[in-house]
Amino acid sequence: MTGRLSHRLMLASAAPVAAVVIAVVLSSIVLLISGSNPLAAYADMVQHASKLETQVDILNRATPLYLSGVAAAIGFRMNLFNIGVEGQYLLAFIVSAHLGAQVELPAVFHIAFILVVAMAVGGAFSGAAGVLKVTRGVNEVISTIMLNAVVISGLAAWWIVEWQAGGEISATGGRVGTEPIAESGLLPNINSWLEVFTREIELGKKLTGMLVVAVAVGVVYHVILNRTVFGFDLRSSGANPTASHVGGVSPKRMVVIAMTLSGAVAGLVGMTELMNTGYYPSNPISLLGFTGIAVALLGRNHPAGVAVAALVFAFLDVSSGILQISGAASREIVEIMKGVIILTAVIAYEVVRRIREREEAAAAAAAMAASPAAAS
Amino acid sequence: MALAIELTGITKRFPGVVANDDINLEVAEGEIHAICGENGAGKSTLMKILYGMQPPDSGTIKIGGEVVELHSPAQAIDLGIGMVHQHFMLADQLTVLENVILGAEPMRSFGRIDFDAGREHLDEVGQAYGLDINADDLVETLEIGERQRVEIIKVLYRGAKILILDEPTAVLVPQEVDELFRNIRELKASGATILFIDHKLDEVLEIADTITVLRQGRTVGTVKPTDVTAHDLAEMMIGSELPVPDAGASTVTEEVALAVDGLRVIGEGDRAVVDGVSLSVHRGEIVGIAGVEGNGQAELVNAIIGLDDPDAGTITLLGREITHFSVRSRREMGLGYVPQDRHRDGLLLGFTLWENSALGHQTEAPYSRGPWLSRTGMRDRASRIKADFDVRTPNIEVSAHALSGGNQQKLIVGREMVAGPAVLIANHPTRGIDVGAQAAVWDDIREARAQGLATLLVSADLEELIGLSDTIVVMLRGRLVASLDPNEITPRDLGAYMTGAALETDVA
Ligand SMILES: Nc1ncnc2c1ncn2[C@@H]1O[C@H](COP(=O)(O)OP(=O)(O)OP(=O)(O)O)[C@@H](O)[C@H]1O
Ligand SMILES: [Mg+2]
């Protein structure tokens with residue numbers, strides 16, 4: 001029994017592991033061609049990642065990636081392609097930064113207020129794309145791309161000027177970002193949680209408190225999807241909207257709800273930065289929305305799978321810095337690795353599925369041979 | 001006579017079942033060869049192997065005397081084999097022409113599709129075999145019989161000389177079946193070889209030159225229709241006699257469970273597709289709706305279920321007006337529904353059987369408690385459906401995809417019946433179910449009727465309609481044109497009412 005279980009676990013993890021192995025091999029070839037020593041580069045990456053401070057960096061990077069991945073995954077579950085996570089989180093970021101700086105509240109309420117505003121803004125903005133889809137038949141890919149543009153080159157660009165700290169451009173001519181949020185609105189770091197297990201975190205690194213929020217989001221996502229009637233409605237409507245409709249689930253309603261939830265989670269993506277710095281800067285962290293789609297794909301929309309995918313991507317992102325410093329390889333190699341991992345993962349998942357099917361069939365045949373009466 | 005097809009020792013295993021177990025089959029050139037067998041006997045699997053969709057685990061395939069290894073349908077098509085599946089595979093959003101040429105597009109220079117050439121060829125094929133269809137209709141708007149014609153034309157368009165038809169008559173009314181058989185005979189006359197699967201034994205005896213019976217993945221025997229009766233065939237298939245539907249003593253009560261009053265549904269082009277329909281179904285009563293596909297039955301049912309909003313009239317369920325209620329609230333009030341198209345409307349193919357057995361009832365006990373799903377409740381129900389409705393499957397953890405067509409249907413019927421509905425809308429409830437299981441379903445419906453179930457039965461199977469119903473109404477061009485007593489009508493007369501032929505004399 002335990003033997004079979006471990007075999008099944010092995011099969012389940014075979015695809016992502018194979019993807020990573022193949023990505024390493026292909027990247028090595030690229031490195032060799034470009035005249036770098038792959039072993040030296042990997043040694044640098046691994047050695048760097050074994051440091052506690054780097055691990056904090058990885059977790060800090062993985063947190064928003066995970067949130068972004070879950071946001072995309074919620075859409076995918078409903079057969080919706082929410083490309084608008086990028087715009088949704090930037091809009092939520094700037095609005096909640098601005099409103100968060102306008103209020104004075106006790107710590108718990110202040111933080112909650114900011115997070116709720118972020119989720120509401122992200123959710124409403126994404127929900128709008130859902131409404132457009134069900135009322136006007138506008139494909140969500142088109143509408144969310146356009147809404148991205150509305151935010152990135154429109155609203156955010158305008159409001160960053162409007163809501164500039166002190167109301168004007170700083171003395172040096174650069175933009176400084178929105179008014180800082182009071183201390184009570186910032187989520188404290190959770191360094192102490194990690195330090196319990198090891199030593200003190202140095203170099204002024206701070207492990208983001210949003211990690212806790214991200215884990216909570218993952219758990220809630222899992223529970224809602226798999227254990228509630230609503231989750232069943234969502235999965236069934238995504239899998240077969242007509243049968244689900246016959247079964248009492250309005251597909252239009254589900255589209256709007258799924259887009260809204262996806263956007264609400266997307267709204268949290270920028271909070272890692274906001275909860276740390278307290279304002280929306282002139283160059284906020286960007287492109288997390290698009291990376292989230294890849295993270296969801298690699299993690300197969302599964303809450304734990306997406307977490308692993310986010311960690312892998314975060315590790316690669318953080319490693320790119322050390323490669324540049326050590327000079328072992330060009331930092332772009334990590335982008336190649338990311339791409340290769342995604343491609344091989346898609347292929348590997350399919351291969352493993354077929355292996356599993358064949359094994360089951362073989363097992364069934366063996367069982368049949370033993371008792372021919374079981375044929376029906 | 002030369003053999004068109006020779007299959008030897010074909011074996012195919014799936015997780016938990018041996019679908020084909022050392023099957024041998026010989027089909028002579030130019031014959032109509034029927035394959036019969038109970039649900040899950042392995043008929044579709046064998047045909048898919050012949051069509052290159054699934055590789056056999058072992059065995060050889062000979063086409064026209066040559067041993068071939070088929071790895072894809074494209075290869076089978078090149079060898080002149082075409083297949084019309086049990087569950088149609090048309091793209092709803094495309095036109096007939098687009099569907100037909102899909103994958104075999106005639107090309108002009110620069111990679112442009114030559115639609116004119118395609119249309120011309122399609123017309124030729126249609127005329128050659130007497131298959132009538134409008135090339136520019138959207139498939140979405142077609143009736144089942146027409147869709148089937150598109151599937152057949154699609155196959156002929158590719159020059160098929162060997163045609164596989166998997167349960168082509170399951171959804172057709174007798175007139176349509178006659179037409180299909182006319183087409184099949186014409187195809188045969190032009191030299192084609194036809195393999196077809198059917199559960200209706202009298203149809204098989206009427207059209208087939210040779211009949212092969214499968215049972216639990218093995219060949220039971222090959223016979224000539226002249227040598228056997230339907231009873232013999234049934235015995236070969238399931239080892240028992242042919243059942244006949246029979247309503248038994250009336251259990252109709254005074255209490256109206258479902259009432260439809262003056263219902264109008266406006267369809268495309270402002271035409272009323274349901275035109276002032278009024279009917280009522282009492283507790284303990286089965287009301288059958290007879291009609292040729294496309295006379296508004298689907299729209300009437302959709303309005304009762306709540307999928308479409310009617311334009312006028314009212315629907316009353318158990319004394320409450322529900323005309324504009326959501327599907328879910330109607331279901332929670334005790335409205336059960338067996339849809340006509342099980343893949344489109346009845347199942348989540350990639351989900352497990354236990355998840356499927358909750359679909360449509362997920363908000364009710366024992367499938368859930370408040371907002372929480374109850375997995376044990378769902379699994380218990382699924383096991384009960386599997387046992388009570390004889391769903392042939394290794395276990396309830398497999399996906400619905402892995403069930404044979406008839407077993408999928410049994411799962412759906414079982415799901416609706418165990419939920420204990422007050423009113424059941426049964427749209428072709430025994431579509432694709434073998435003769436043995438069909439009798440079981442009829443028994444279940446009758447038993448529930450005795451307990452007070454009100455049933456609205458829509459069916460293309462006239463014997464089923466006449467045998468089960470307490471009252472039969474005929475629907476023609478959106479209206480109810482006749483109300484008949486099933487004890488006094490023959491299938492033949494009923495057929496005449498359905499086409500309107502009997503009305504000239506009757507209505508006057
Ligand atoms: N893709 C699949 N995966 C697993 N099992 C399958 C698959 N396809 C078919 N089977 C199993 O193989 C057996 C034969 O199925 P098949 O579809 O050939 O039956 P059939 O004779 O066509 O029945 P029906 O009259 O109900 O259509 C069934 O037990 C079915 O559960
Ligand atoms: Mg079949």
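How many Å separate the centres of domain 1 of chain A and domain 2 of chain A, taken over C-alpha atoms? The second legend below has the answer.

**Figure 1. Confidence and conventions for the whole complex.** This is a predicted model, in which local features need pLDDT of at least 70 and side-chain atom pairs count only at pLDDT 80 or more, while totals for chains, interfaces and linings use all residues. Residues are numbered from 1 along each chain as its sequence is written, and chains are lettered from A and ligands numbered from 1 in the order in which they are written. The predictor assigns the complex an ipTM of 0.84 and a pTM of 0.85. For chain B the mean pLDDT (the predictor's confidence in each residue, from 0 to 100) is 88, with 97% of its residues at 70 or more. Helices (H or I, at least four residues) and strands (E, at least two) are DSSP runs, numbered from the N terminus. Where pLDDT is low, the predicted coordinates should not be read in detail.

Figure 2. Bounds here come from an automatic or database domain assignment, which for chain A gives domain 1 (1–36 + 330–359) and domain 2 (43–329). To settle the opening question, 26 Å separate the centres of these two domains of chain A, taken over C-alpha atoms. Their contact (C-beta atoms, placed from the backbone, within 7 Å) takes 12 residues from domain 1 of chain A and 13 residues from domain 2 of chain A. On the domain 1 side, helix 1 (2–33) and helix 15 (333–370) of chain A each supply at least two residues. Helix 15 of chain A gives the most to that side, with seven residues. By class, this side of domain 1 has eight nonpolar, two polar and two charged residues. Ala, Val, Leu, Ile, Met, Phe, Trp, Tyr, Cys and Pro count as nonpolar, Asp, Glu, Lys and Arg as charged, and the others, Gly among them, as polar.

**Figure 3. Where chain A meets chain B.** Chain A brings 22 residues to the contact and chain B brings 32 residues. On the chain A side, the elements giving two or more residues are helix 9 (229–239), helix 10 (241–246) and helix 15 of chain A. That side of chain A divides into 11 nonpolar, nine polar and two charged residues.

**Figure 4. An open, mixed sheet in chain B.** Six strands of chain B line up in the order 6-7-8-3-9-10, with mixed pairing; two strands pair if DSSP finds at least two bridges between them. Strand 6 (81–84) and strand 10 (218–223) of chain B stand at the edges with a single partner strand each, so one side of each has no neighbour in the sheet. From one strand to the next, the twist averages 20°. Helix 1 (residues 43–50) of chain B lies across strands 3, 6, 7, 8 and 9 of chain B, running at about 150° to strand 7. Helix 5 (residues 144–157) of chain B lies across strand 6 and strand 7 of chain B, at about 170° to strand 6. Axes are lines fitted to C-alpha atoms, for helices over the stretch in contact, and angles run from 0 to 180 degrees between N-to-C directions.

Figure 5. Strand 9 (residues 210–215) and strand 10 of chain B run antiparallel and are joined by five bridges. Ile211(B) has Val223(B) as its bridge partner, and Arg215(B) has Arg218(B). Two residues lie between the strands of this hairpin, and Gln216(B) in the turn has a positive phi of about 45°. Most residues other than glycine have a negative phi, and most peptide bonds are trans.

**Figure 6. A cis peptide bond in chain B.** Ala365(B) and Pro366(B) are joined by a cis peptide bond, with omega about 0°. Pro366(B) is found in the loop between helix 12 (353–356) and strand 17 (368–369) of chain B.

**Figure 7. The shell around ligand 1.** Ligand 1 is surrounded by 24 residues (C-beta atom, placed from the backbone, within 6 Å), and the closest are Phe14(B), Ser44(B), Ala402(B), Ser404(B) and Gly406(B). Strand 2 (17–28), helix 1 and helix 14 (405–418) of chain B each supply at least two residues of the shell. By class, the shell has seven nonpolar, 14 polar and three charged residues. Domain 1 (3–238) and domain 3 (340–420) of chain B each provide at least three residues of the shell.

How values were computed
Two residues are in contact if their C-beta atoms, placed from the backbone, lie within 7 Å.
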